[in-house]
Amino acid sequence: MIRLYFVFFIIFSLSVNGQNKNIDSIQKEKTPQKIDSAYSHFVLNKWGENYLLHEFDQPNNNNLGIRQLDDSILIQRIRKLDENTPLDLRLTDEVRNIIRYYLGRNFDFIKNIKSRSEFYFPLFESVLDLYGLPLELKYIPIIESALNPKAKSKAGATGLWQFMYATGKMQGLEISSYVDQRMDPSLSTDAACRYFKKLYDLFGDWGLAIAAYNAGPGNVTKAIRNSGGKKNFWEIRPYLPRETANYIPSLISAMYVMNYSGTHGIVSTNQKINYFQVDTVKAEKGIHLFDIAYLLSIDSSIIKDLNPHYKHQYVPPPKNNIPYIFYIPKNKMMELSFVADSLYKMTSMRLQKTPLPPPWKLTSGRIHVVRNGDTISEIAEKYNLNIRDIKRWNNLKSTKIRIGQKLKI
């Protein structure tokens, strides 16, 4: 009961205090900056309130182990999820096994996913709503990338939504030596929504559209033909590639885990910054993210996390008179306007001293000689590569490296 009273106190404080503070701010200060700040504070409070209500509006089953979770409970909960989405959700053996695997062995993984979702889900929901798509598609980046915007598969699929090079290009994303917009959370989400809309218009069924997102429209069309013309995911499932056959079961499992992990005692960790605390800036000239972090006193890790799509942490100058956009904490916007000229000059001086590698060098192979103190993770970070790729290129069975060793990069 003490915890319950505490939660209600938190929610009441967020709602009442947040609203009073916003009203006072707007009445006392008429400037647009103050109004924006007040509105941002209000949105943050409402998001926090909704999140707390969602988390604690669950049965108190913290002592209920996943192994003892009866199928009747799973069926009831998945049926409840199914009632609120146009997706066709079912409890299958695969769904049951995936749920039990994650809730039985991967608590830390789920905690991290829940933490990241607090930042990315508001972004996903806003864009999905803009295109009139089911909000449940927000769970797809969980199974695609574990909500990691820098994730890269062995096949080369990149970003939150795991776009291949050709698909990313088809959706208008820039992929160059300095920029990979597949890793831009905002632009890649917009591209994913446009792609989903096309797939749904093609197949007229969300199960088939989601399967086509994973396997490609050709494989889904082939499965429809081989099934004798069936047009439901569960009916054509035996004719799909194995990964695609398990794709929607994985999605259903992710939806269950994100909605009911609280009943198993899994609580998210705190994020450094919230989605509603971020704003966009158009770069008038080339600018380095570390210079922004230095002059504005922002944690450099936050700047990197907000702008994962800029290779070498450098925002290029406008291309064809269209400026690139970068993201910074909203509370630094006013300060940025005062020091913008100094920032551009600082980056210019930085590039004179240490020029960026020309594009042709960035795409060609090179050799890295291991020095004292080097680790494979630091080398991967330096060259913006994946540790698994470095191991594969150099036939490494572990992450151990030795001084003087030559690594293919």
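**Close-up views of a predicted model**

Being four residues apart in helix α8, Arg194 and Asp190 sit about one helical turn from each other. The model shown in these views is predicted.

View 1. Arg194 is partly exposed, with a relative accessible area of 26%. Asp190 also counts as partly exposed, at 23%.

**View 2. Asp71 and Arg100 form a salt bridge.** Their side chains come together at 3.8 Å, N to O. Asp71 lies in helix α3 (residues 71-82) and Arg100 in helix α4 (residues 93-105), so the pair ties together parts that are 29 residues apart in sequence. Asp71 is partly exposed at 27% relative accessibility. Arg100 is partly exposed at 29%. A network of salt bridges links Asp71, Asp93, Arg96 and Arg100. Across the whole structure, a search finds twelve salt bridges.

**View 3. Asp299 and Lys272 form a salt bridge.** The closest N and O atoms are 3.9 Å apart. Asp299 lies in the loop between α14 and α15, and Lys272 in the loop between α13 and β1 (278-282), so the pair ties together parts that are 27 residues apart in sequence. Asp299 is partly exposed, with a relative accessible area of 40%. Lys272 counts as exposed, at 57% relative accessibility.

**View 4. Helix α9 (residues 206-215) is largely enclosed by the rest of the structure.** Ten of its ten residues are buried. Among them are Trp206, Leu208, Ile210, Tyr213 and Asn214. The buried residues of α9 pack against α6 (140-145), α8 (185-203), α10 (217-226), α11 (233-236), α12 (242-245) and α13 (247-260).

**View 5. The two ends of α9 involve Asp205 and Gly216.** At the start of the helix, a side-chain oxygen of Asp205 reaches to within 2.9 Å of the backbone nitrogen of Gly207. Just after α9, Gly216 takes a positive phi of about 95°.

**View 6. Ser297 has a positive phi in a loop.** Most residues other than glycine have a negative phi. Phi of Ser297 is near 55°. Ser297 lies in the loop between α14 (289-296) and α15 (300-306). Ser297 is exposed, with a relative accessible area of 60%.

**View 7. Asn320 has a positive phi in a loop.** Here phi is near 55°, in a residue other than glycine. Asn320 is found between β3 (314-315) and β4 (325-329). At 67% relative accessibility, Asn320 counts as exposed.

Note on methods: Residues numbered from 1 in each chain as written. Predicted model: local features only at pLDDT ≥ 70, side-chain atom pairs only at ≥ 80, totals over all residues. Heavy atoms only, no water. Buried < 20%, exposed > 50% of the residue type's maximum accessible area, 1.4 Å probe, protein only. Contact = heavy atoms within 4.5 Å. Polar contact = N/O pair within 3.5 Å; in protein donor to acceptor, adjacent residues only side chain to side chain. Salt bridge = Lys/Arg side-chain N within 4 Å of Asp/Glu carboxyl O.
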